[in-house]
Amino acid sequence: MSILFHDQTKTFHLFNEKISYIMTVLPNHQMGQLYFGKKIRDREDFSHLLEYCSRPMTSCVFEDDRTFSLEHVKQEYGVYGTTDYRRPAVEILSSNGSRLSDFKYQDYKITPGKPALAGLPATYTEADSEAETLTLILKDSVTGMTLHLLYTIFADGGIIARSAQLINNGSESVHVTTAMSLCLDLPDHNYEWMQFSGAWARERHLITRKLEHGIVAVDSRRGNSSHNHNPFVILRRPDTNEFQGEAIGFSLIYSGNFLAQAETDTHDTTRVLLGIHPMGFDWKLAPQESFQTPEAVMVYTDSGLNSLSQTFHRLYQKRLARGYWRDRERPVLNNNWEATYFNFTEDRLVEIASKAKECGVELFVLDDGWFGERNDDHAGLGDWIANPKRLPNGITGLAQRIEDLGLKFGLWFEPEMTNKNSDLYRNHPDWILETPGRSTSPGRSQHVLDFSRKEVVDCIYEMMAKILSEAKVSYIKWDMNRSITECYSHALPADRQGEVFHRYILGVYDLYERLTSRFPHVLFESCASGGGRFDPGMLYYAPQAWASDNSDAVSRLKIQYGSSYCYPLSSIGSHVSVVPNHQVYRTTPLHTRANTAFFGAFGYELDLNKLTPEELVQVKQQVAFMKEYRRLLQFGTFYRILSPFEGNVTCWMCVSDDKKQAIAGWYRVLNGANLPFSRIRLQGLNPDFCYKEQASGASYYGDELMNLGLITTDGMSGQPEDIHAKYCDFDSRLYVLTAE
Ligand code: DGJ
């Protein structure tokens, strides 16, 4: 990996073995983008990549040169208002009412490693040799604003991390109304756009469409990254599939309002923008103040979408997630939510936990309802003190009883919320986000606390830290069950209200940072009514996230498959729940529920006491299986093979680093009669290894499995103890392959 600067031509070339990223100082001294893609050899002069021509109707930047117009020139951080009519990367409102900026190149800095971004989650390095960072320093002489554009190239993988910092070195306040994390101008538009969208209980479903002239975008203006759209998109060439071809993934390490957009102009160039949503954003920058954008990560591949995802998985697993749990296998847990909802006592919880222990579960999690007057979802949020009527011995007593069973104890919080029926709200009615004189929208009967205020975050921190320091709590499920409405802080002046959404998220990050550093051994799982904040920002603090409130195995195929495009399996919380399922009322076999949930951070979302003796035998086998293979399932190399978005059969697999072990999951939604023989070509194996398939005892060479394929029809394999299940709807099988 290297970052070269060619002084003569003022050209920067960032490259490693996979990629090149090239940019130059344009004749007007702004920064121009020349190339991002597969590695090309370095040369002093890449100026032939600058395409000049005269555009009718467009004023030119220079009096005597009709060919230099920003209308078609590819840029690093485009500005609207001169000759570039595309959506801008930055917009600053000056004190004279102008929104024009002209950031001219001044200087650069190359540093080993990667700097941290104050108060924000970001990828990191553990050794300087892992990455190199280029900081471009640009200045607008009229406003005195300085712009730092940061580019980190990692030694491994086609990864570039980007962010921007604006510093007001002028003498007057300005308002930053747009500051994107990433702007990438591509020379053509021969791409398909992939987005991961849905709604509550059907998150991250893949949608693909071709880029055409105009704008395609996904966003969130809800205050959380949202169930509806994920801050992750891919541009792939039309002939790219999971196994071959070019693609670029764009991921924003942020948990609040975002915009991911591709604009194709009528000269066929494509501008990708990714960052905080400009709508409603207005950050006042007084002289000497600075604003740091969140980080965006771009990954380029020429080897298909699996390779793109694997690069994101490695980066986010190893250099975004942090701390004690980063590299550790995740405990098999039993959560009481769907088992009891709000209807529990201490003894009832211990009864559920005892059965879980008998089945081999390692962690018991007490969900919503343990605190304040929380007998249903109308009261209690914010009063983080155990309800003595339910828990006479408090959290300390319950946690001890769970520990005495030989289990770890985990606890649910929803730190960012309050109900009007709570002591917290009664004592601090101005601590919620609400707009003066307007009605409030109490989603799930609750209100969002104003986390832009330090005293609010301090108060919640104190309550949580007290419980964590008094009781034996090994895990926290951090929930967030409503989006922000009527966004307004009682503590900020009128001209800073446009900062509230972002300040709120900074407050959330601050609370996470304080708790994770004071209680480093506690495993945090993020959650937002399921997958409403399943994003890389959260992953920095909480190495796993509850992927969806929908725990139906068939629905989960799409949710987990969609999530896997960006997020590693170790981050995908996935549990076995009861049937008929509580979200879609479907009855799926127990083995399929487990076979789906195994590919993630595994657990149970039910009362195991309610299962039949036969089912309990199966559960014990499942827990034992997960414990034996979880390193492979959570940290192995993951391949998508057959997509639930395309057909009746889904297949995915994990391969160990040494390729000696692999597990393929095969799932068929609806059964059929008289079906054809079918084979699935596996991926990532060693062609020369001979693999034994556990269920059938048959052996196959890696090259056979990858080129001829694994025969998945009933005649050849299956799980003998489940003969009847081979003929059912919602069937599934696991193929465990071990090199002999
Ligand atoms: C939403 C979560 O996703 C559920 O798992 C559960 O914790 C409930 N909230 C509790 O209110």
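How far is a nitrogen atom of the ligand from an N or O atom in the side chain of aspartate 479? In this predicted model, where local features need pLDDT of at least 70, side-chain atom pairs count only at pLDDT 80 or more, and totals for chains, interfaces and linings use all residues, the distance is 2.7 Å. Residues are numbered from 1 along each chain as its sequence is written, and side-chain values use heavy atoms, with hydrogens and water left out.

For aspartate 549, a side-chain N or O atom is 2.3 Å from an oxygen atom of the ligand. Glycine 530 instead places a polar backbone atom 2.9 Å from a ligand oxygen atom.

Turning to helix packing, α6 (residues 454-470) and α7 (residues 500-518) have axes that come within 10 Å and cross at roughly 25°. Helices here are DSSP runs of H or I with at least four residues, numbered from the N terminus, and axes are lines fitted to C-alpha atoms over the stretch in contact, with angles running from 0 to 180 degrees between N-to-C directions. The pair is therefore roughly parallel (angles under 35 degrees). Their contact (heavy atoms within 4.5 Å) includes Ile460, Tyr461 and Met464 of α6 and Leu511 and Arg514 of α7.

Helix α3 (residues 346-359) packs on helix α11 (residues 613-635) at about 65°, the axes being 8 Å apart. Lys355, Glu358 and Cys359 of α3 meet Leu616, Val619, Lys620 and Val623 of α11.

Note on methods:
Helices (H or I, at least four residues) and strands (E, at least two) are DSSP runs, numbered from the N terminus. Angles under 35 degrees count as roughly parallel, over 145 as roughly antiparallel, 65 to 115 as roughly perpendicular and the rest as oblique. A polar contact is a pair of N or O atoms within 3.5 Å; within protein, one must be able to donate a hydrogen and the other to accept it, and residues adjacent in sequence count only if both atoms are side-chain atoms.
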